[in-house]
Amino acid sequence: MNAATLDNSDRLQRVFKLLSKGGEYTTLEIIQKAGVCAVNSIISELRANGYDISCERRADKWFYRMNK
């Protein structure tokens, strides 16, 4: 995969800003609050940029958190 860099991707920047606020966000919350699609791909790209983001499934929802 050719991951975009945080410096040149508005969608990565929006998700990064949201996750940087702390706490957990579901896939739907990220879509709604950051105005993006394909959350799993964006998380993968942020990880490729060196950011530590955890993902946990609880029942039928996925939760994402930026680790310090």
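Biologist: In this predicted model, is A38 buried, partly exposed or exposed?

Modeller: A38 is found in the loop that runs between helix 2 (27-34) and helix 3 (39-48). Its relative accessibility is 46%. Since exposed requires over 50% and buried under 20%, A38 counts as partly exposed.

Biologist: What is the phi of A38?

Modeller: A38 is not a glycine, yet its phi is positive. The value is about 55°.

Biologist: Where does A59 lie, and how does its relative accessibility class it?

Modeller: A59 is placed in the loop between strand 2 (53-58) and strand 3 (61-66). Those two strands form a hairpin with two residues between them, and A59 in the turn has a positive phi of about 55°. A59 has a relative accessibility of 69%. With exposed set at over 50%, A59 counts as exposed.

Biologist: What is the strand order of the sheet?

Modeller: The sheet is open, has three strands and shows antiparallel pairing. Strand 1 (25-26) and strand 2 are the edge strands, as each pairs on one side only. The order is 1-3-2.

Biologist: How many bridges join strand 2 and strand 3?

Modeller: R58 stands opposite K61 in strand 3. The bridge partner of R57 in strand 3 is W62. Strand 2 and strand 3 pair in the antiparallel sense, and the number of bridges is six.

Biologist: Over the face of which residue does R58 lie?

Modeller: R58 has K61 opposite it in strand 3. R58 also lies over the face of an aromatic ring, at 4.2 Å from the ring centre. A charge sits over a ring only within 6 Å of its centre. The ring belongs to F63.

Biologist: How many aromatic pairs does a search of the whole structure find, and is the pair stacked, edge-to-face or tilted?

Modeller: The search of the whole structure finds one aromatic pair. The ring centres of F16 and Y51 are 4.8 Å apart, with the planes at 55°. Planes under 30 degrees apart would count as stacked and those over 60 as edge-to-face. The pair is therefore tilted.

Biologist: How many residues apart are F16 and Y51?

Modeller: F16 is in helix 1 (residues 10-20), whereas Y51 is in the loop between helix 3 and strand 2. F16 is partly exposed at a relative accessible area of 23%, and Y51 is partly exposed at 28%. The pair links distant parts of the chain, at a separation of 35 residues.

Biologist: Over what arc do the buried residues of helix 3 lie?

Modeller: The buried residues in helix 3 are V39, I42, I43, E45 and L46. They are on the same side of helix 3, because the arc they cover around the axis is only 160°.

Biologist: Which exposed residues does helix 3 carry on the face turned away from its buried side?

Modeller: The buried residues of helix 3 pack against helix 1, helix 2, strand 2 and strand 3. The face turned away from that buried side carries the exposed residues N40 and A48.

Biologist: Within what arc do the buried residues of helix 1 fall?

Modeller: L12, V15, L18 and L19 are the buried residues of helix 1. They line one face of the helix, because, seen down its axis, they fall within an arc of 130°.

Biologist: Against which elements do the buried residues of helix 1 pack?

Modeller: L12, V15, L18 and L19 are the residues concerned. Their partners are strand 1, helix 2, helix 3, strand 2 and strand 3.

Biologist: How many disulfides does a search of the whole structure find?

Modeller: The cysteine sulfur closest to that of C37 is in C55, at 17 Å, too far for a bond. A disulfide requires sulfur atoms within 2.5 Å. C37 is exposed at a relative accessible area of 62%, while C55 is partly exposed at 32%. The number of disulfides found is zero.

Technical notes:
Residues numbered from 1 in each chain as written. Predicted model: local features only at pLDDT ≥ 70, side-chain atom pairs only at ≥ 80, totals over all residues. Heavy atoms only, no water. Helix = DSSP H or I, 4+ residues; strand = E, 2+ residues; numbered from the N terminus. Buried < 20%, exposed > 50% of the residue type's maximum accessible area, 1.4 Å probe, protein only. Phe/Tyr/Trp six-rings, centres within 6.5 Å; stacked < 30°, edge-to-face > 60°. Lys NZ or Arg CZ within 6 Å of the ring centre and 35° of its normal. Arc of directions from axis to C-beta. Contact = heavy atoms within 4.5 Å. Pairing = 2+ DSSP bridges.
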